[in-house]
Amino acid sequence: MDATARPAIVIDNGTGYSKLGFSGNSEPSFTLPTVVAVNESFLDQKELLSSANWIAQYNAGVMADLDYFIGDEALSRLRSSGLYTSRSPIRHGQVDDWDTMERFWQQCIFNYLRCNPEEHYFLLTDSPVGTPESRECTGEIMFETFNVPGLYISVQSVLSLSAGYAYLKSISDEDSDPSSDMTGVVVDIGDGAPHIVPVVNGYVIGSSIKSFPFSGSNVTQFVSQLLQERGELLPPEDSLDISRKVKEMYCYTCSDIVKEFKKHDKKPDKYVKHWSAIKPKTGVPYTIDIGYERFLGPEIFFNPEIYSADFSTPLPELIDSCVQSAPIDTRRALYKNIVLSGGSTMFKDFHKRLQSDIKKIVDDRVAATNARHRVEVRPIEVNVVAHPIQSYAVWFGGSVAASTPEFYEYCHTKEEYEEHGASICRTSPVFKGMY
Amino acid sequence: MILLQSPSRFLLQILQDRVLSGEKGMDIDCHAVEFDDVRYHIQLLLGAEAAFYPNFSMRNPKVMVLSVALPLPSPEAILCDGLPLDAIEAIKAAYGPVVQILDPPKDGFDLTMKINLTKLPPDEEQRNSILTQIASVREVVLGAPLKVLLKHLASKTVAPNVDKLVALVHRPNESFFLAPQADKVTIVYPMRFQDSIDIVLATSFLQEFVEARRTAALNNVPSCMWSPVPPLELKGVPAEALNANSGFVTFVVYPRHVEGKKLDRTVWNLLTFHAYVSYHVKCSEGFMHTRMRRRVESLIQALDRAKSDAEKLKKLVNGGSFKRLVCTLCK
């Protein structure tokens with residue numbers, strides 16, 4: 001059986017979570033925290049050790065080399081034994097530790113997906129601001145270590161956009177306007193580095209990419225900070241973990257922060273939630289109240305100054321300036337299709353707030369133009385698309401892309417790699433647009 | 001991870017999380033491919049689509065169907081109805097009333113089973129163990145003939161086909177061979193790899209493997225041999241089944257290796273020997289790359305230290321090089 005006859009493997013490595021599965025499925029087979037627990041005892045052994053000792057060294061080294069865990073297993077091992085060190089291969093959306101990344105992939109392929117990498121094409125994802133060198137490194141590991149027959153490194157935002165399209169198509173029977181195909185702004189907020197990426201006809205406008213400094217992990221930190229400042233008795237060793245769960249379960253976006261404060265003050269029993277757990281060290285049960293954090297956490301996207309003094313441009317304003325920096329003939333289409341992607345866009349009513357804020361900025365500008373030049377400009381349609389698969393939109397887009405027959409033609413194959421080397425992975429075709 | 005686990009994580013996760021959580025109105029339709037071309041297709045059907053299946057009841061309109069495709073058998077392997085010998089009996093023995101085999105299987109698959117979610121035992125521990133069993137369907141089906149042979153060995157009775165070479169499906173178009181005798185079973189694997197580097201690594205891995213067997217601590221494990229030419233046991237096997245590029249590995253299993261609980265583990269480990277070697281070949285490649293990367297880093301550091309001070313000074317504070325600044329000034 002030829003490798004092209006088997007489904008391709010789609011792996012989306014995010015800063016917080018990695019999504020892995022087979023193309024053609026509608027959801028990833030596994031979603032794992034991108035964490036590796038490594039046993040580093042073999043690193044400490046100096047090569048100077050006498051050669052008489054080599055068998056002991058060899059045995060310890062070989063076993064320690066295989067002695068590591070990823071994902072949820074890694075987290076539980078880290079908690080239960082002091083033998084392992086925690087490593088996150090990806091920081092701020094980019095791989096910074098290739099050794100750990102290689103191991104992470106190894107476990108993903110052999111232990112989770114349990115497939116033979118020589119038998120499948122692979123689709124991996126890369127952040128829109130990823131360096132050519134990191135793509136080269138990815139290609140090198142995939143082709144050299146895993147012997148994959150073909151590899152495609154896709155840009156996350158394009159995949160999110162196509163996931164949005166695929167979703168819209170699945171809920172409405174008639175085809176969407178073909179002229180607007182694959183055009184839109186992707187707002188990608190995960191655990192790592194959030195980006196706002198304009199895509200026109202499938203090509204990324206590289207010069208207009210904007211990044212937002214705060215991500216899901218900052219929301220977590222902010223929630224934990226608020227809880228601690230109010231004097232809730234959080235066990236310090238677990239505070240971030242609990243804040244993350246609080247964020248995922250209770251946080252929501254409000255439309256007006258002042259009104260929301262009043263609502264909470266009037267009916268605390270309706271809005272204040274409670275969290276009960278047992279302290280891991282002492283075994284004493286405790287309860288904490290969750291109040292204003294519920295809406296203040298996601299508020300850092302709309303009023304970043306409440307979290308940090310360094311950056312004060314709200315997300316809607318940044319999206320607006322991103323569209324304004326794109327070529328003028330694409331702006332209407334871009335405003336019309338703003339697609340959300342990444343776990344940190346899953347807060348309730350996030351898209352409504354984003355839509356109304358952007359709409360306000362755009363309408364103000366149109367009104368100002370009308371007043372100054374005494375003209376009547378056609379109103380601009382602003383549309384923020386939300387769909388239930390936002391948390392794994394990139395993976396879903398990858399699964400859709402890799403299940404088309406054309407996918408196998410676009411892949412870098414092993415023959416090409418052996419002929420030209422890792423440099424074939426440097427460039428991504430989506431950046432080669434006309435802009 | 002040193003040994004591959006028998007239950008498929010993918011199936012286990014779906015069975016445990018999705019089915020038992022009682023999520024309503026969600027149908028599942030997932031497929032997956034494992035090493036050696038074993039394919040799974042698991043479906044949770046609701047409503048009209050489910051009505052085609054036997055024992056459908058309106059009261060519980062949920063049908064879970066699991067289809068499995070096995071690797072393409074090589075000509076010398078013996079099959080009955082596309083499944084390894086004794087597989088049907090093994091499924092019935094392992095799952096009992098929980099699983100019902102559908103005949104004919106779904107298009108493109110070798111086995112289709114309907115899982116009766118209502119017949120799962122109510123006790124959580126028992127339920128989990130049967131779900132784990134279902135997730136290990138690969139071991140049950142592919143390992144069935146091997147298990148029968150080894151059971152004969154454990155009871156030291158003579159199997160009906162004793163002293164005859166048996167070929168069992170192992171990988172697509174490849175099989176491994178068993179020579180059963182009353183007191184021992186000899187198992188021979190022809191090892192094949194595609195990539196030239198893999199061949200070299202696998203060959204040396206296997207030689208080390210045999211070497212490791214000789215250490216004192218491993219006196220009781222099955223004896224193991226490696227040879228570049230087909231061993232004598234394989235006399236009379238067609239030549240195309242013998243073109244192994246990484247040599248032949250022979251294990252001799254004695255009754256003490258298949259006593260009681262050891263039987264299942266032995267079956268699984270023998271069944272996945274090729275996957276085990278290939279996994280470790282990949283791991284060693286990864287390990288070598290790690291070492292190489294570390295070495296390059298240390299060499300670059302050494303080079304950096306060797307740079308003269310004058311070179312370092314050329315870098316200006318703003319990060320641009322001195323040369324470029326001169327060029328812009330000259331323009």
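Tutor: The buried residues of α7(B) pack against α4 (137–142), α5 (144–154), β10 (185–190), β12 and α8 (273–306) of chain B. This is a predicted model, in which local features need pLDDT of at least 70, side-chain atom pairs count only at pLDDT 80 or more, and totals for chains, interfaces and linings use all residues. Residues are numbered from 1 along each chain as its sequence is written, while chains are lettered from A and ligands numbered from 1 in the order in which they are written.

Student: Which are the buried residues of helix α7 of chain B?

Tutor: A residue is buried if 20 or more other C-beta atoms, placed from the backbone, lie within 10 Å of its own. In α7 (residues 262–271) of chain B, those are Thr266(B), Val267(B), Trp268(B), Leu270(B) and Leu271(B). Across the 331 residues of chain B, 34% count as buried.

Student: Where in chain B is confidence lowest, and where highest?

Tutor: Look at pLDDT, the predictor's confidence in each residue, from 0 to 100. Where it is low, the predicted coordinates should not be read in detail. Helix α10 (residues 322–330) of chain B is lowest, at a mean of 53, and strand β12 (residues 248–253) of chain B is highest, at 91. The mean for chain B is 80.

Definitions and conventions
Helices (H or I, at least four residues) and strands (E, at least two) are DSSP runs, numbered from the N terminus. A residue is buried if 20 or more other C-beta atoms lie within 10 Å of its own, exposed if 12 or fewer, and partly exposed in between; C-beta atoms are placed from the backbone. Two residues are in contact if their C-beta atoms, placed from the backbone, lie within 7 Å.
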